[in-house]
Structures are given as C-alpha cells and as structure tokens.
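Subject: Structure handover

Hello,

Here is the structure I said I would pass on. My notes on it follow below the entry.

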Amino acid sequence: MPAQVSIFGASSQGLRPEDRRRLSEVELSIYARLHQKLQKRYVFAGRPSLERSFGDLASWTLRKVAFCLEDPAFVNVRAKDWLTQHGSDKQIRMEDEFFLPLIQERLQDAFGDRVKKKPEMYGGKADLFLDDIPIELKVRRGHSKSLQEVVNSDYQPAGQTSAYASKTRVGFVFVLDLPEGQAYTTNLDSCFRIFERHPGADASSDLPTCIVIAVFHCHHAIPSRIR
C-alpha cells in the first residue's frame, strides 16, 4: 500500500499520484528524506512548479538507481563493455560518449522536450536540464573505494552544479561509480545524499543551494560470495 492515499488525485510533497504509486515503500522513504531537507531550506517556498519538477526528477532517479542495484545488466555490464571497446583510445570520454547519451535517452523517453542538453548558462554548459533543474553527469573509475566512502561536502561536482542552480537553488549530480578491486555491498539509502553550498562565507544562511548526489553503483558483489 502507498504511504499516502490521495483521494482527489492531488500532488503531495511534489509527487504526482501516479509517481507515488510507482515508488516502493523504501523509495518513498528516501524521497521524503530528500524533500524534507529541501523544504526546510525553503527551496520550494512559493515555487509549486519547481517542486513538481523536483518530484518528477527525483522519483525517476530513485527508480533508475534502484534498478541499477537490482540488475547489473542495466548499466554495469554496458559500462564495462564500453570500456573494453574504447580501452585503446587516447582519450576516454566516458561521460560524454556513454553516460550522457544513456541518461539523456531515458530522460527524454519519460519527459520529452522538457529535457535540454548542454544549454549555455553562467559562462558554462550544464550537461542536462529538466525544466529549470540542472543535472551534471560524472564518471568515477580507477579507484579502490566506493564514492560513498570518500565523498564529502567539498565534492567538486557539487560546487560546479551549484553555479548552474543559482536561480533554483536545487540541482542534481548523477555519478556512475566504477571502482576497482573487491566488490562490496551497498544499499539504496547510501546512494543519495544532499550537499549544501552557502552564498559567500555565510554558512549560517537558511537559503543555501542544495545539490542532490545520486550514485549509480556499478560494482556488484555476487550474493553467494558475500561474507
């Protein structure tokens, strides 16, 4: 059963009723955590359209990151096949030539022309926008530890995305995480975090820019070999 029942078909927490029905109980709890933190920072105050855009993008991202954990063939196998095919290239442009087309195609299938690719803003180019929300795409590979173990509030892509989100005060970073070494377990909760970028040196401000980090975890351990 859904966590909430909307008898009038109204949106709640920025989620359309149909999107709420698609999310599992676990996914809904993570969405509520993300939404609550942004709400406390007044990101959605007087901005119902922005809240709906966030609900659309966050619910879509939750389902895709969960599917990435459930099915290695969704991203993990494709990513490793792509690296095998391009391993001899002088410059491996995995973000632009693999991850960006993969995400853009699926976003456009879901949202059509609401998705914009690499528009110029603030002296740079964000990878994607859904409505007014910027999405930066990053690929992390060649490291022994997972991103969740090492990422902190100084994570550079979060700062980059905050520049594109200076109008909306909310943005997303999608990270394709391909660490090397022994595989390990993870969970869906650990794949989502929010970092804040405060204006100037005012770390006490209640109006920071909030960046949602969504990790597409691609280092699956075989369940029967986990101790």
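A residue is called buried here when its relative accessible area is under 20%, and exposed when that value is over 50%. Cysteine 68, at 0% relative accessibility, is therefore buried. Please keep in mind throughout that this is a predicted model.

Cysteines

Cysteine 191 is also buried, with 0% relative accessibility. The cysteine sulfur nearest to that of cysteine 191 belongs to cysteine 68 and lies 7.9 Å away. A disulfide requires the two sulfur atoms to be within 2.5 Å, and cysteine 191 is in no disulfide. The count of disulfides comes to zero.

Overall

The protein chain has 227 residues, of which 46% count as buried. Its secondary structure consists of seven helices and eight strands. Among contacts with a separation of 6 or more, 69% are made by residues 24 or more positions apart. The chain exposes about 11,800 Å², and carbon and sulfur atoms supply 47% of that area.

In soluble globular proteins, nonpolar side chains tend to be buried together. The largest nonpolar core here has 59 residues, and the members that touch the most others are Phe54, Phe99, Phe174, Leu176 and Phe192. Helix 3 (residues 48-70) gives the largest share of this core, with nine residues. Phenylalanine 192 has contacts beyond its sequence neighbours that include Ile30, Leu34, Leu62, Val65 and Ile213.

In helix 4 (residues 76-85), the buried residues are Asn76, Ala79 and Trp82. They fall within an arc of 130° when seen down the helix axis, so they line one face of helix 4. These buried residues pack against helix 5 (94-111) and strand 6 (170-178). Thr84 and Gln85 are exposed and sit on the face of helix 4 turned away from the buried side.

Salt bridges

Side chains of opposite charge can pair when their charged atoms come close. The salt bridges in this model number 12. One of them joins the side chains of arginine 16 and aspartate 56, at 2.8 Å from N to O. Arginine 16 is in the segment before helix 1 and aspartate 56 is in helix 3, so this pair ties together parts that are 40 residues apart in sequence. Aspartate 56 is buried at 2%, whereas arginine 16 is partly exposed at 27%.

Arginine 22 and aspartate 19 form another salt bridge, at 2.5 Å from N to O. Both are in helix 1, three residues apart, which means they are separated by about one helical turn.

Arginine 93 and glutamate 97 meet in a salt bridge at 3.6 Å, N to O. Salt bridges with shared partners join Arg93, Asp96, Glu97, Lys118 and Asp127 into one network. Aspartate 127 lies in the loop between strand 3 (124-125) and strand 4 (128-130), and is buried at 7%. Its contacts away from its sequence neighbours include Leu100, Lys116, Lys118 and Glu136.

Glycine 14

Glycine 14 is in the segment before helix 1 (17-22) and is buried, at 6% relative accessibility. Its contacts beyond four places in sequence are with Tyr31, His35, Glu51, Arg52 and Gly55.

Regards

Notes:
Residues are numbered from 1 along each chain as its sequence is written. This is a predicted model: local features need pLDDT of at least 70, side-chain atom pairs count only at pLDDT 80 or more; totals for chains, interfaces and linings use all residues. Side-chain values use heavy atoms; hydrogens and water are left out. Helices (H or I, at least four residues) and strands (E, at least two) are DSSP runs, numbered from the N terminus. Buried means under 20% relative accessible area, exposed over 50%, partly exposed in between (1.4 Å probe, protein chains only). Contact means heavy atoms within 4.5 Å. A nonpolar core is a set of buried Ala, Val, Leu, Ile, Met, Phe, Trp, Tyr and Cys residues joined through side-chain atoms within 4.5 Å. The arc is that of the directions from the helix axis to the C-beta atoms. Accessible areas come from the Shrake-Rupley method with a 1.4 Å probe; for residues, only the protein chains shown count as cover. A salt bridge is a side-chain nitrogen of Lys or Arg within 4 Å of a carboxyl oxygen of Asp or Glu.
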